[in-house]
Amino acid sequence: MPLPAPHLDDRHFQDLVDDAKRLVQQRCPEWTDHNVSDPGVTLIEAFAQMVDQVIYRLNRVPDRHYVKFLDLLGVELLPPAPARGEVTFWLAAPQPQTVHVRAETEVATPRTDVQDPVVFSTVRGLDIVACSFAHVASETAGQDPVDRGRELLVPGGFACFSPEPAPGDALLVGLSAAVPHCAVLLRVDCPVQGVGVDPRNPPLVWEAWNGTGWSRCDVERDDTGGFNRAGDVVLHVPGDHQASLKARQRAGWLRCRIRPTLPGERPYQESPRIRRLTAFTVGGTVEMAHAEAVRDEELGTSEGTPGQRLPLRRRPVVPWPETSILQVSDGEEWREWTPVPHFADSGPDAQHFRMDLAAGEIELGPAVRESDGTLRQYGAVPPRGAVLRLTGYHTGGGRRGNVARGQVRVLKTSVPYVARVENRAPAVGGVEAETVDDAKVRGPVLLRSSGRAVTAEDFELLAREAAPGAARVLCLPSADPAEAGTVRVLVVPQVAGDPLGAIDRRDLEPPGSMLADVRARLEERRLVGTRVLVLPAAYVGLTVVVRATARRGHDPAEVRREVLRSLYRLFHPVEGGPDGRGWPFGRAVRAPEVHAALAALPGLDLSGEIDLQLFPADADGNRAAAVQRLDLPPHGLVHSYAHQVRIQR
């Protein structure tokens, strides 16, 4: 999209006339006739006209020249980025055949009285593969698996681990087929015999075979308490699940492995026993993006002139893996034109078109007058009267799509046998379209880097172009002399919190696709010998404990909520910090700075004592001793973990 030039008249003619009349009233009070028929008013209007022209030329021309220069360099406004996440389709009941969820199936948040639903589309198709229980085996650490299928026929079942369970022991469950991206329910019948462990937090890890190793499974729920009672285990199987041969049986293998215990956890003292196992598929998970598909839109007819621009009905347009095709009909047949990023390599007969995502327009090849006076055509021109049609595009994007977990629960496109949908993690990465002011800042950096990654600013600029959904990007050279030539690029995604602003630690992990896009772009542009590591930021947990008094006439419960909002906002990785652009990387947290943030709240009684303590917290929420200063590593940010506030009257 060409950069829109600013308005050249920030002061209007009438503004100048009104200012002059006010000065007349102050300095010449005897002049009382201010009608347009008065000769003096005529002179004022004449001079106002000339001053308006001076303002037109002197005040606004530099900005216009600057924008036009960036436009000449090819700097265009970036379109909005759609928020991305994953949505799980839950079946109404297990099905004997595969249930297919097609690409572009629409799901949404519920409609409210004040807000329209946020619509998402699935990025690809999903096959919810039917499966059943096929085989079972057990594995002692360091030994080959042993088939236990026959022992299920014995009333007492079998011990799934060794007599003295140790880390590495595993129970292997073979499914009738591999079920990538699916949710599987394992129904387990077992007596209370896994002595020692805490049923609420057993030291177990579920994994799926991927052909070369084991990939971690997400556990939706575990009703068995670590195989200590009959119940169900619901697993989300990763997308790389494959069938393989183990214990002389071919199946889609899952395994439950004993992991090393953490401090404070209790290990198994006796092995649990399994008496019966069944399995079936209950759902599947697929990637979604905040976008709506528009199909087969007619754009109008061609004027037969070069450089024609055809607006789309829905805008702005968001990037999508699928390629849009322009179809041109001359009345007899439809011809497909190919999209190109620019027309520099397009000949006069090349059936090319360009899609301006930010403006929401289709652009046809222009005609350019060369230095010798000849007119050169870049790209073919459809004949006059030809009908133009676009096969499809996607519209949406923006920060509205950064919804919290559990908010996407409306199935807009009917899918047979699917009862409900749910996003188990928040959608992240939604960014508004770039503004002209942002493009002004990006232009000089783009000109200086020339598409090469040399300085830290170059790495950050290229990373932002590769992942518009990243809220913050920081490039840090490695401080370790042993890693000379290594560059670390830290990515912070757009995140959404709860009504108080609290963010789950897992939501701060950028999607794998975002990190892969940044890594691929930087690998193309880095210098030879430079090693690039694209990583999420390191987060240091912090719990703030506050005890204070509410001012007279203020509800303590409401004051408590305002204090919590202030704390979560202060340490927000995207919108916090002293300037509202996110807590600075590596900046230490000091108690006086937190005091100053709370002092601005109108409901707190500052005449009383505000008791405030800072507690470092690890990834599991375990708090250390209180400190007055929390230091962060250079690549670290603060993660607010369960602040505690008590407000008294």
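At what angle do α5 and α6 pack, and how far apart are their axes? In this predicted model, the two helices meet at an angle of about 135°, and 8 Å separates their axes. Angles over 145 degrees would count as roughly antiparallel and those of 65 to 115 as roughly perpendicular; α5 and α6 are therefore oblique to each other. Their crossing is right-handed. On the α5 side, the contact is made by Phe459, Leu462, Ala463, Glu465 and Ala466, which meet Asp517, Val518, Arg521, Leu522 and Arg525 of α6.

Strands of a sheet pair through backbone hydrogen bonds, in either a parallel or an antiparallel fashion. Here, 3 strands make up an open sheet with the order β30-β31-β32 and mixed pairing. The edges are taken by β30 (470-477) and β32 (531-536); each has a single partner strand, so one side of each is left without a neighbour in the sheet. From one strand to the next, the twist averages 20°.

Strand β31, spanning residues 486-493, pairs with β32 in the parallel sense over 6 bridges. Leu490 has Leu535 in β32 as its bridge partner.

Both helices also touch the strands. Helix α5 (residues 456-466) lies across β30, β31 and β32, and runs at about 150° to β30. Helix α6 (residues 512-525) likewise packs on the sheet, where it touches β30, β31 and β32, and its direction makes about 160° with that of β32.

Key:
Residues numbered from 1 in each chain as written. Predicted model: local features only at pLDDT ≥ 70, side-chain atom pairs only at ≥ 80, totals over all residues. Heavy atoms only, no water. Pairing = 2+ DSSP bridges. Helix = DSSP H or I, 4+ residues; strand = E, 2+ residues; numbered from the N terminus. Axes fitted to C-alpha atoms, helices over the stretch in contact; angles between N-to-C directions. Contact = heavy atoms within 4.5 Å. Parallel < 35°, antiparallel > 145°, perpendicular 65-115°, else oblique. Left-handed = near helix turned anticlockwise from the far one by under 90°.
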